[in-house]
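Colleague: I have a new model on my screen and would like to learn how to read it. Could you walk me through it?

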Amino acid sequence: MIQLRAERTSLDRTRADAAAMLIFEELSLFHKQIARVRSIAGAAVPSFDDAFFSGKQGQSLVLYPPAMKGRALILVGAGKREKLTAEHLRRSAASAAKQASTLRAKTLDILEPDVESIVEG
């Protein structure tokens with residue numbers, strides 16, 4: 001069984017076996033969020049020049065950035081910002097939990113989306 005924690009933390013401070021981050025589909029938000037991940041996680045984050053992960057609802061991607069010392073970083077597509085609802089957030093969190101369970105993680109931190117990204121775009 002996986003233990004979920006709801007606490008305010010950041011990617012560089014999480015101590016869970018896996019951390020999940022919701023990534024939006026709009027290009028301006030997508031690039032801003034990926035730049036944030038890259039600044040913390042380092043060169044292990046791919047360039048995303050092709051469409052293997054674009055932030056669409058239902059997509060996920062697992063990375064193992066050196067900065068997280070062998071722990072998984074799960075990027076979860078949150079879809080389009082204007083369609084964001086509590087149900088979308090619930091489904092994205094469930095997708096992250098399922099992915100973490102597949103990885104046999106015992107703990108998962110789901111990082112809340114950056115409020116400025118949601119409001120401003």
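This is a predicted model: local features need pLDDT of at least 70, side-chain atom pairs count only at pLDDT 80 or more; totals for chains, interfaces and linings use all residues.

Colleague: Let me start with the overview. How many helices and strands does the protein chain have?

Modeller: Helices (H or I, at least four residues) and strands (E, at least two) are DSSP runs, numbered from the N terminus. In the protein chain there are 3 helices and 5 strands. Along the sequence they follow the pattern β-β-α-β-β-α-β-α.

Colleague: What share of the residues is buried?

Modeller: Buried means under 20% relative accessible area, exposed over 50%, and partly exposed in between (1.4 Å probe, protein chains only). Of the 121 residues in the protein chain, 38% are buried.

Colleague: And how should I read contacts along the sequence?

Modeller: A contact means heavy atoms within 4.5 Å. For the protein chain, take the contacts with a separation of 6 or more: 63% of them are accounted for by residues 24 or more positions apart.

Colleague: Which residues of α2 are buried?

Modeller: Ser92, Ala96, Ala97 and Ala100 are the buried ones. Down the axis of α2, the buried residues fall within an arc of 140 degrees, so they line one face of the helix. That arc is taken from the directions from the helix axis to the C-beta atoms. On the other side of α2, Lys98 and Thr102 are exposed.

Colleague: Next, charges. How many salt bridges are found in the whole structure?

Modeller: A salt bridge is a side-chain nitrogen of Lys or Arg within 4 Å of a carboxyl oxygen of Asp or Glu. The search of the whole structure finds 2. One joins the side chains of Arg90 and Glu87, at 2.8 Å from N to O. These two lie in helix α2, 3 residues apart, about one turn of the helix. Glu87 also forms a salt bridge with Arg91, with the closest N and O atoms 2.9 Å apart. Glu87 and Arg91 are both in α2 too, 4 residues apart. Through shared partners, Glu87, Arg90 and Arg91 are joined into one network.

Colleague: What about a charged residue without a partner? Where is Glu26?

Modeller: Glu26 sits in the loop between β2 (18–24) and α1 (27–41). For charge, Lys and Arg count as positive and Asp and Glu as negative, while His and the chain ends are not counted. Glu26 is buried yet has no salt bridge, and the nearest side chain of opposite charge, Arg81, is 5.1 Å away. However, a polar atom of the Glu26 side chain lies 2.8 Å from the backbone nitrogen of Arg81. Not counting residues up to four places away in sequence, Glu26 touches Gly79, Lys80, Arg81 and Glu82.

Colleague: Which residues does Gln33 contact?

Modeller: Gln33 lies in helix α1 and is buried, with a relative accessible area of 4%. Leaving aside neighbours within four places in sequence, Gln33 is in contact with Met21, Leu22, Ile23 and Phe24.

Colleague: Last one: what is the phi of Lys69?

Modeller: Lys69 has a positive phi of about 50 degrees although it is not a glycine. Lys69 is placed in the loop between β3 (60–63) and β4 (72–79), and is exposed, with a relative accessible area of 72%. Arg104 likewise has a positive phi, about 65 degrees, and is not a glycine. Arg104 is in the loop between α2 and β5 and is exposed at 73%.

How values were computed: Residues are numbered from 1 along each chain as its sequence is written. Side-chain values use heavy atoms; hydrogens and water are left out. A polar contact is a pair of N or O atoms within 3.5 Å; within protein, one must be able to donate a hydrogen and the other to accept it, and residues adjacent in sequence count only if both atoms are side-chain atoms.
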